[in-house]
Amino acid sequence: MDYPIVFIPGLFGSMGDDVIKGTGGFSFGPAEKVYRPFIEILNFMGYIEGLNLFISYYDWKLPVLEAVDKYLFPNIEKVKRKLGTDQVVIIGHSLGGLLGRAYMAYFSPSSVDKLIMIGTPNLGTVNAYYFWSGGKLPYSKIEDDPLYNGLKMAFILYYRKFKQIDHIEVLRKMFPVVKDLLPSYSYGNYLFYEENGNRIEIPIEDMEVKNTFINDLENRTVDLDQLFIISGSGVYTNKEI
């Protein structure tokens, strides 16, 4: 416990006025039941929130670099000033891991003793393409839900009739972070179609939209001795469309 821990939750893991107006101060929100057991494990190890454990909430709708600049960087600076330390240990879950990588690559690598990424999509995720290209969630239980579809249809009609704007463009402006989660070049080709019984892949480099964030992040060097990745197996992950 030489350095304090800064924990960064993942997508949907922060709730507050910055994310949705009228929801008050920052907290885990609906993700409390997901993250609280993990925080309690850290408590058991001797880490106490506000003393040597700090949670960096953020507006997860923003592009990663913007979220780091607005939330993570100043939060870590506050921790360093409060405790008089020059380094912290960052633990980032999912999207939070990408914020941690961006902090090390673009902001202050000397401030990080270790970066521990848990289930982080370091090469992007094919699921993001569903939303970016078609405004769909890659979860059939949600997409097939009548209530969700009713709300979605009202949303589409409202913007088409009263704003004359395609709802896909609206969603992209509302959730620009999704572009930062698209597969990177290192992910490889993930879109294909069939023609005359042949499988034809679409080169990722030729696609109209590109994940410039991760593509650039991949070209920035960091001390690999500082990086730790925790991932799982046995759970199906979409790899292509």
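Colleague: What makes Val 178 buried in this predicted model?

Modeller: Its relative accessible area is 10%, and buried means under 20%, so Val 178 counts as buried.

Colleague: Where is Val 178 found, and which residues does Val 178 touch?

Modeller: Val 178 is in the loop between helix 7 and strand 5 (191-195). Leaving aside residues up to four places away in sequence, Val 178 touches Ala 128, Phe 131 and Trp 132. Take Phe 131: it is 47 residues from Val 178 in sequence, yet their C-alpha atoms are 7.6 Å apart in space.

Colleague: How do you know that the buried residues of helix 7 line one face?

Modeller: The buried ones are His 167, Ile 168, Val 170 and Leu 171. Looking down the axis of helix 7, they fall within an arc of 160 degrees, so they line one face of the helix.

Colleague: Over to Ser 14. What makes Ser 14 buried?

Modeller: A relative accessible area of 0%. The cut-off for buried is under 20%, so Ser 14 is buried. Ser 14 is in the loop between strand 1 (5-8) and helix 1 (32-44), and its contacts beyond four places in sequence include Pro 9, Phe 26, Tyr 57 and Trp 60.

Colleague: What does the side chain of Ser 14 reach?

Modeller: The backbone nitrogen of Tyr 58, at 3.2 Å. Tyr 58 is also among the residues that Ser 14 touches.

Colleague: And Asn 196, buried or exposed?

Modeller: Exposed: the relative accessible area of Asn 196 is 75%, and exposed means over 50%. Asn 196 is in the loop between strand 5 and strand 6 (198-202). Its phi is near 55 degrees, a positive value in a residue other than glycine.

Notes. Residues numbered from 1 in each chain as written. Predicted model: local features only at pLDDT ≥ 70, side-chain atom pairs only at ≥ 80, totals over all residues. Heavy atoms only, no water. Buried < 20%, exposed > 50% of the residue type's maximum accessible area, 1.4 Å probe, protein only. Helix = DSSP H or I, 4+ residues; strand = E, 2+ residues; numbered from the N terminus. Arc of directions from axis to C-beta. Polar contact = N/O pair within 3.5 Å; in protein donor to acceptor, adjacent residues only side chain to side chain. Contact = heavy atoms within 4.5 Å.
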